[in-house]
Amino acid sequence: MTDHAPLPPFPAGFHWGTSSSAYQVEGAAAEDGKGVSIWDTFVRRPDAVRGDQTGDVACDHYHRYPEDIELMADLGVTAYRFSTAWTRVQPDGSGAANPAGLAFYDRLVDALLDKGITPFPTLFHWDLPQALEDRDGWLARDTAYRFAEYAALVADRLADRVEHWITLNEPFIHLAYGYAFGVHAPGRALMTGAIPVAHHQLLAHGLAVSALRSAGAARVLIANNLTPVWAASSAPRDQAAADAYDALHNRLFMDPILLGRYPDLAAYGSGPDLGGTVRDGDLAVIAAPLDGLGVNYYNPTRVAAPGPEHGLPFQDVPIDGVPRSAFDWPVVPDGLREVLLGLRERYGSALPPVYITENGTSVDDKVVAGRVADSERIAFLDGHIRALAQAMAAGVDVRGYLTWTLMDNFEWAEGFTQRFGLVYVDHRTQTRTPKDSYYWLRDRLAELRHG
Ligand code: FCB
């Protein structure tokens, strides 16, 4: 089978789209009353980001969104996942809304609808207001209540036109990178001391579900980063390490939502109340019924038992014999099928319809004579879409596939060095050049429409 073979059929109404986040694309970091977020602060820490780059301008999507929506429309996608910047809406993370901030998302939504593109806003993609971080960020229970208020302000303004809402993006990655290892904002390195951040994000999610519904939101989702976890061997020590990693990365953010309980975190020295963080009634709030689960899938993870004095109950080991992205992430399309079948097996009828809310790869792209020949990305997309079709044929209810990402953008601690886009962005001139993968996907989507 070649990369240009037609894709298998997908149900009518299946959402094909691209995904992005505010800090990574918008720029306009201090415009129209926007407040300071933890990413605005973190990027100014020496050496926090490769080359000391910042998202101050990013892709200038704040001003260029009409051009970017044209690119989406020409690609033939019918969905766009973006995030709203909390600090545009509430510059200090609480109180009245900033009208200019809400007006931007209002314009963006109208421009999308005008082109027949369904908006999928995410309310939190890691850019917490600095004013809330100054009050202990997600270590503070109060942040969950602030989030629900903010969610209500956005939905009050947009829910008349926006049907699908995503509360949080990847609470696991925010916990791990932001609060446990400190390589993302807010740059705290608390290791297992960061675990309360999981509960407060989940509580924020649950409170926001109800706030969003009261404001008229029709469908509410969360976007979790999920990974198949492979033990390095069948030795019991490696199996136990895999189980411990799976509990932290996957089940910590799925079980409370779909089963109303936390997984066993004893390997991390944590009891069922996460060190006194969980209060009576919290799990019922967190387990509020959902209309969809967003799955962000990039790669599987292979783990072994840790060496002595490692500090964590697992250690990462390489996955050999597979292609690797420019980021050095292993490329394993079948891992997507494995994640989806694993979800169905574990959660059964409690699993809501699934939307793939991120999936993509970074390539060391170059523009040569006006063209970007990114055959690795084409192979990645082709393989993952076929794996998705297999999971659906096996009975998993999947409603959409939104690739990461439309255009190269600010890749967190890597700055602009990792390119994940279907469209190449020259970050000095803001010129957008569609890559071969853009034309490949455009052709496949046209075939699906007419097939
Ligand atoms: C995900 C993030 C997204 C992007 C991709 C590459 O973990 O949600 O913002 O950085 O990775």
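**Exercise 1.** Work out whether D334 is buried, exposed or partly exposed in this predicted model, then find its salt-bridge partner.

*Solution.* 
- Start with the surface: D334 has a relative accessibility of 34%. Partly exposed covers the range between under 20% (buried) and over 50% (exposed), so D334 counts as partly exposed.
- Now look for the partner: the D334 side chain meets that of R337 in a salt bridge, at 2.7 Å from N to O.
- Check R337 too: at 26% relative accessibility, R337 is also partly exposed.

**Exercise 2.** Find the salt-bridge partner of D110 and say where in the chain the two residues lie.

*Solution.* 
- D110 pairs with R161, and their closest N and O atoms are 2.9 Å apart.
- D110 belongs to helix α5 (residues 99–114), while R161 is in the loop between α7 (142–158) and β4 (164–169). With 51 residues separating them, the bridge ties together distant parts of the chain.
- As for the surface, D110 has a relative accessible area of 36%, which makes it partly exposed. R161 is partly exposed as well, at 24%.

**Exercise 3.** Decide whether D364 is buried or exposed, and name the residue it bridges to.

*Solution.* 
- The cut-off for exposed is over 50%. D364 has 58% relative accessible area, so it is exposed.
- Its side chain forms a salt bridge with K366, at 3.0 Å from N to O.

**Exercise 4.** Which residues join D365 in a network of salt bridges?

*Solution.* 
- Trace the links from D365: the network also takes in D374, R377, D408, R419 and K435.
- For the whole structure, the salt-bridge count is 35.

Technical notes
Residues are numbered from 1 along each chain as its sequence is written. This is a predicted model: local features need pLDDT of at least 70, side-chain atom pairs count only at pLDDT 80 or more; totals for chains, interfaces and linings use all residues. Side-chain values use heavy atoms; hydrogens and water are left out. A salt bridge is a side-chain nitrogen of Lys or Arg within 4 Å of a carboxyl oxygen of Asp or Glu. Helices (H or I, at least four residues) and strands (E, at least two) are DSSP runs, numbered from the N terminus. Buried means under 20% relative accessible area, exposed over 50%, partly exposed in between (1.4 Å probe, protein chains only).
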